[in-house]
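Subject: Structure for you to look at

Hello,

Here is the structure we talked about. Please open it beside this email and follow along.

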Amino acid sequence: MRAVICSSFDGIGALELGELADPVPGPGEVLVDVHAAAVSFMDTLIVAGRYQLKPALPFVPGSDAAGTVLAVGEGVQRVCVGDRVACSHWYGGMAERMVTPEWGVTKLPDGVDFEIGSTVRYAYGTAHYALSRAQLRPGETVFVSGAAGGVGMAAVNLASQLGATVIAGTSSAAKGDAAREQGAAHTIDYSCEPVRSRLLELTEGRGVDVYFDNVGGVLFGTVSRVMAWGGRILPIGFTGGDIPSLAMNLPLMKNYSVVGCYWGAWTERQPQESHLADKQLFAAVAQGTLRPQVSVVLPLSSFADALRRLERREVMGRIVLSAKQRPGALA
């Protein structure tokens, strides 16, 4: 099979497109014929050795994919050969075949194609799990940083559907417009607007009930000082580059919480709850209630271009690699 191969933790430039033997599913595993693989910022970290998980070398990067079940290992009961599925694991997706644990596989509803299907589990799953952990209530205010990225857009989309007032933090006006299309009531362009004063203005001085933080860095320090009484901070990712620290007098004085929400570990530890959430999310996508955004579909051979677009913050929504699309196809 064709696959993107990571042989060292030296980043995107060290990746190669090569040939590997087709993987074989073991007990509790599923072999998927990959049609589409969604690229995430996590992938850029893993291939550079900067993620909390370091796979044994060599490995195939790619956390999200969708395709058709080719074979199942002993004990697998939830899917059968021929089923259309979405699958997520920490790696393995950027290839023509992917093996994933059964807990990482979800059937695709009719009407949800492979490109869209590959974008749902990780992004919408993360947002859904985090907002559930925050016990978000209708009428509360949610500030989403990195709101034009895959997970950020999913959070905007879900939080607005849950009746929250969403403030989208982005790095450009165009990204703010994209967040509004997903349901954001307000936007803050933190490349040129004062975040603290704008958040206080938009919340009439109350502060933010829920902070869905994809960025970290300096922005975290700013928003941590404008949380509402009883608020909740959700640390999701650190695309800003720095993992921030929190002055603990701030949650003390405002009685707010920092709520961990590591979706990937939760899906493995509590697969039944995860499968129920997947079913609800994919049903909403099929009905058009949730609207995952694919910015572009590229052939698998364009993996480096896709990853670099993410690093340069050029992607709004998700970027998808097609394992069936050959080089030279228009994108």
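P58 sits in the loop that runs between α1 (41-47) and β4 (64-72). Keep in mind that this is a predicted model. The peptide bond joining L57 and P58 is cis, with omega about -10°.

Next, go to α3. This helix has 14 residues. From first C-alpha to last, α3 reaches 19 Å, which is close to the 20 Å expected at 1.5 Å a residue.

How many of the 14 residues of α3 are buried? Ten are, and α3 is mostly covered. The cut-off for buried is under 20% relative accessible area. Among the buried residues of α3 are V120, Y124, A127 and L131. R121 is buried too. In an α-helix there are 3.6 residues a turn, so residues three or four places apart point the same way.

Now step past the helix. Q135 follows α3. Its place is the loop between α3 (120-133) and β8 (141-145). Q135 is not a glycine, yet its phi is positive, near 55°. Is Q135 buried or exposed? Q135 is exposed, because its relative accessible area is 59% and the cut-off for exposed is over 50%.

Last stop: N255. This residue lies in the loop between α8 (249-254) and β13 (257-258). N255 also has a positive phi, about 55°, and is not a glycine. Its relative accessible area is 44%, so N255 counts as partly exposed.

Find P58, Q135 and N255 in their loops, then trace α3 from end to end.

Best wishes

Definitions and conventions: Residues are numbered from 1 along each chain as its sequence is written. This is a predicted model: local features need pLDDT of at least 70, side-chain atom pairs count only at pLDDT 80 or more; totals for chains, interfaces and linings use all residues. Side-chain values use heavy atoms; hydrogens and water are left out. Helices (H or I, at least four residues) and strands (E, at least two) are DSSP runs, numbered from the N terminus. Buried means under 20% relative accessible area, exposed over 50%, partly exposed in between (1.4 Å probe, protein chains only). The expected span of a helix is 1.5 Å times one less than its number of residues.
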